[in-house]
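Please look through the sequence and the three-dimensional model shown here before reading on.

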Amino acid sequence: HGVTVYFWDESRNNWATWSDSRPVTQPGFDAAGRFRSDGPWDGCRSPQEAAESVLRLTQASRNPHGRLSGRSATRALLVGPSQPREAPCAVASWTDLADRAQRFFGAGLGERNENQDLVLLTPKSWGPPFYDTLRQELIRPVADDAGRVVNLWLPFTSENEAGVEFLERLDSAAAFGLLGAIRLVAGQVRIQPISLYVEDRTVHLTLLEPKANASTKKSPK
């Protein structure tokens, strides 16, 4: 378990990541706490600040899969806050989304490219949420300009509890986009949201403050 920060890498026109993780058997590691603590590079106060900023890295090390190293030689220069509205990778038409899903799930037994499932969506409208008490999952439809609909999908887990509540109560008038991952659930393409762009802030759904009853299933309303 651990924390991963996703970056849009303008030098490669693709996604890059930085991660810090530990074996689940190792005590004392808290992902949310790591997200708000020092690093990952000099010049950056925390992974959270890195996730919400436009930055330039010097002496960075990156493997072929786009994974960035946290080595001490790397320096970060913060240019300003993230601008997801201006991101060149944003998807506004679900036709493009269908093409990506076909490439991702249609690869057969071949090895999938890392981060190929990531998408930054800018929906035209948001539908009402529906919580399935049997499957313990939240569904919320989003539509593009042509009225095509794809469902956001967030299963209820201890890590997702606060995120499920936030997404369920979200005022769609305040949200303009989201970063998510393409998933195939019960034969349907769905998007598992990772972060929401709400007004001038980024809401990281799996890193919201946990609640005291995190292990309790959500009850029917």
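**Charged pairs and the fold around them**

With a relative accessibility of 14%, D20 counts as buried, where buried stands for under 20% relative accessible area, exposed for over 50% and partly exposed for what lies in between, using a 1.4 Å probe and protein chains only. The model is a predicted one, in which local features need pLDDT of at least 70 and side-chain atom pairs count only at pLDDT 80 or more, while totals for chains, interfaces and linings use all residues. Residues are numbered from 1 along each chain as its sequence is written, and side-chain values use heavy atoms, with hydrogens and water left out.

Which residues form salt bridges with D20? One is R22, whose closest N and O atoms with D20 are 2.4 Å apart; a salt bridge here is a side-chain nitrogen of Lys or Arg within 4 Å of a carboxyl oxygen of Asp or Glu. R22 is partly exposed, at a relative accessible area of 29%. The other is R34, with 2.7 Å between the closest N and O atoms of R34 and D20. Because R34 belongs to helix α1 (residues 31-35) and D20 to strand β2 (residues 14-21), this pair ties together parts that are 14 residues apart in sequence; helices (H or I, at least four residues) and strands (E, at least two) are DSSP runs, numbered from the N terminus. R34 and D20 are both buried, and through shared partners the salt bridges join D20, R22 and R34 into one network.

A search of the whole structure finds nine salt bridges. Another of these pairs D9 with R62, with the closest N and O atoms 2.3 Å apart, and this pair links distant parts of the chain, since D9 sits in strand β1 (residues 2-9) and R62 in the loop between β3 (53-58) and β4 (75-81), 53 residues apart. D9 counts as buried at 13% relative accessibility, whereas R62, at 38%, counts as partly exposed.

The loop between β3 and β4 also holds L68, which at 15% relative accessibility counts as buried. Leaving aside neighbours within four places in sequence, L68 is in contact (heavy atoms within 4.5 Å) with F7, A16, T17, W18, W41, L57, S61 and R62. Of these residues, F7 is 61 residues from L68 in sequence, yet the two C-alpha atoms are 9.8 Å apart in space.

Turning to the chain as a whole, there are four helices and 13 strands. The radius of gyration of the protein chain is 18 Å, close to the 17 Å that the globule rule gives for 221 residues, so the chain is as compact as a globular protein of that length; the radius is taken over C-alpha atoms, and the rule is 2.2 Å times the number of residues to the power 0.38. Along the principal axes, the C-alpha trace spans about 50 × 40 × 40 Å. Buried residues make up 43% of the 221 residues, and among contacts with a separation of 6 or more, 55% are between residues 24 or more positions apart.

Some details of the backbone deserve attention. Most residues other than glycine have a negative phi, and most peptide bonds are trans. A cis peptide bond, with omega about 0 degrees, joins G39 and P40, and P40 lies in the loop between α1 and α2 (47-51). Q59, although not a glycine, has a positive phi of about 55 degrees; Q59 is placed in the loop between β3 and β4 and is exposed, with a relative accessible area of 54%. E199 likewise has a positive phi, near 55 degrees, in a residue other than glycine. E199 is found in the loop between β12 (188-198) and β13 (201-204) and counts as exposed at 53% relative accessibility.

Finally, why is helix α4 (residues 161-169) described as largely enclosed by the rest of the structure? Seven of the nine residues of α4 are buried, so the helix is largely enclosed. The buried residues in α4 are E161, A162, G163, V164, E165, L167 and E168. What covers them includes β7 (125-126), β8 (130-132), β9 (137-143), β10 (149-155) and β12.
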